[in-house]
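Student: I have a model open and want to learn how to read its features. Can we walk through it together?

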Amino acid sequence: GKYNIFDWSEFCIFTQSNIAMKIVIKNIAELIQTESTPKKWVAGADMKNISTIKDAFVEIENGIITGFGSMDNWSGIDNWSNTEIIDAEGGMIFPTFCDSHTHLVFAASREEEFVDRIKGLSYQEIAKKGGGILNSAEKLQNATEDELFESALARLNEVIKMGTGAIEIKSGYGLTLESELKILRVIKRLKEASDVTIKATFLGAHALPKEFKDNKDGYMDLVIDEMLPKIAKENLADYVDIFCEKGHFTVEDTKRLLEAANKFGIKAKTHVNQFNAIGGVKASLDLGALSVDHLEQMNPEDFDVLLGSNCMPTILPSCSFFLGIPYSPARKMIDKGLPIALASDFNPGSSPSGNMNFVASLGCIKLKMTPEEVINASTINSAYAMGVEKELGSIAIGKKANLFITKPISSYAYLAYSFGENIIEKVILNGKLQ
Ligand code: NIG
Ligand code: FE
């Protein structure tokens, strides 16, 4: 009789708030992308290798991975009252995806342009007519910060369910001081509201607003002399970005912006070589860019400058898929010894999807990458591309416990193979079940 009145709920609240909680995940068919010596990235032929442990366990304390290994080597639990057991039930565990390039904060979808493209217009023709980025900017300028926050948070929660545990989010649909600040403040609120790791990028130089149609230098002055200093002062951006492309911004604009950003200690992640290779790769590298993204068009010179640099070439195959433009020569890049990161480019115009499982499938199917290369590209390499490789991107002691548990699958290659299927059963971020 006495034991029936013991209040377990109170007991659990006590343990959670007062004692460091430990989690053990057992029954893992295969633990994927384990790392014993930390590395910044993997390049070239090394991308073909990943380390895994079959029949494994993982231990987590205070949101950090504190141990992992084969069940045979598991020492057991010393303090049961303090430990939560999660049964992976024969599923596999992967580190969560790092999605190092997105435009997650936007006011509205753009399926009317999608229909225009089906009928024969090109992405660039639509942009020239005032569609594209300017269309998104007009809608965003008319949305409130709260509306943008709510819709972006809903999108963020959807991509978390699909296994994303770190995400870079760009501004670039504001195009005025006020609206660029509005997006960056939304991203700051997302950082505070979510367990996902977020980096913010200032992309004021995304498209030329109508008011500056014949005055590109005037707009660049606004971006560099007014927006950037204010954003730096308020600490709203981790990185800076520019769309270096014919009809958008030049190599000269890119150099000016990156030089100015460097003075504030802000590194660049640039949009280069999407439609035309005009020298954006070299300009970005010369000014210490962390990543160069898109790379659908590559000159021989681009390969040469990337080799031996510290810059991560980042490929966005969902954009090629959605727009029907060429895929980046990933196979050639890896075979020449380069590292590759994969990201979703989630945005309403060129990639209305933040599904990294699908990105993995496109990596194998369209870019001819092996499943191991795709795993490296979407975890450790994309972690580097957003500056979080020391805390994320692999299963390693001391890294954040951001991982997902799959349904029982026959091999890790099944993830990229079974495109369109959701094999993710549970997502854990900072040691917390989502
Ligand atoms: O990465 N290329 C430039 N920016 C985005 C697309 C922006 C849009 O169409 O809204 C991209 O593809
Ligand atoms: Fe983009």
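Student: How much space lies in the largest pocket?

Tutor: First, the ground rules. This is a predicted model, where local features need pLDDT of at least 70, side-chain atom pairs count only at pLDDT 80 or more, and totals for chains, interfaces and linings use all residues. Residues are numbered from 1 along each chain as its sequence is written, chains are lettered from A and ligands numbered from 1 in the order in which they are written, and side-chain values use heavy atoms, with hydrogens and water left out.

Tutor: Now the idea. On a 1 Å grid over the protein atoms alone, a pocket is an open set of points with protein on both sides within 12 Å along at least five of seven lines; a cavity is a set where a 1.4 Å probe fits but cannot get out; lining residues have an atom within 4 Å of a point. Grid points are joined across faces, edges and corners, and a volume is the space filled by probe spheres set on the points. Here, the largest pocket holds about 570 Å³. Its lining has 20 residues, and Q124, A127, K128, G247 and H248 are the closest to its centre.

Student: Which elements give two or more residues to that lining?

Tutor: Elements are DSSP runs, numbered from the N terminus: helices are H or I with at least four residues, strands are E with at least two. In this pocket they are α3 (123–128) and α4 (132–141). Helix α3 gives the most, with 4 residues.

Student: How do the lining residues of the largest pocket divide by class?

Tutor: Ala, Val, Leu, Ile, Met, Phe, Trp, Tyr, Cys and Pro count as nonpolar; Asp, Glu, Lys and Arg as charged; the others, Gly among them, as polar. The pocket lining splits into 8 nonpolar, 7 polar and 5 charged.

Student: How many cavities of 30 Å³ or more does the structure hold?

Tutor: There are 2. Of its 14 lining residues, H103, Y123, H206, N347 and S350 are the closest to its centre. By class, that lining has 4 nonpolar, 8 polar and 2 charged residues.

Student: And what lines the second largest cavity?

Tutor: That cavity has about 70 Å³. It is lined by 14 residues, with F94, F97, V374, I375 and L415 the closest to its centre. β5 (92–95), α14 and α16 (414–417) each give two or more residues to the lining. The largest share, 4 residues, comes from α14. Here the classes are 12 nonpolar, 2 polar and no charged.

Student: Why is helix α14 largely enclosed by the rest of the structure?

Tutor: Buried means under 20% relative accessible area, exposed over 50%, partly exposed in between (1.4 Å probe, protein chains only). In α14 (residues 371–378), 7 of the 8 residues are buried, so the helix is largely enclosed. Among them are V374 and I375.

Student: How should I read a salt bridge?

Tutor: Side chains of opposite charge can pair when their charged atoms come close. The rule is a side-chain nitrogen of Lys or Arg within 4 Å of a carboxyl oxygen of Asp or Glu. The count comes to 23 salt bridges. One of them joins E112 and K139 (3.5 Å, N to O). This pair links helix α2 with helix α4, 27 residues apart. E112 is partly exposed at 37%, and K139 is partly exposed at 30%.

Student: Which parts does the pair of E138 and K210 tie together?

Tutor: The two side chains meet at 4.0 Å, N to O. E138 lies in helix α4 and K210 in the loop between β8 (197–205) and α7 (216–233), so the pair ties parts 72 residues apart in sequence. E138 is partly exposed, at 47%. K210 is exposed, at 53%.
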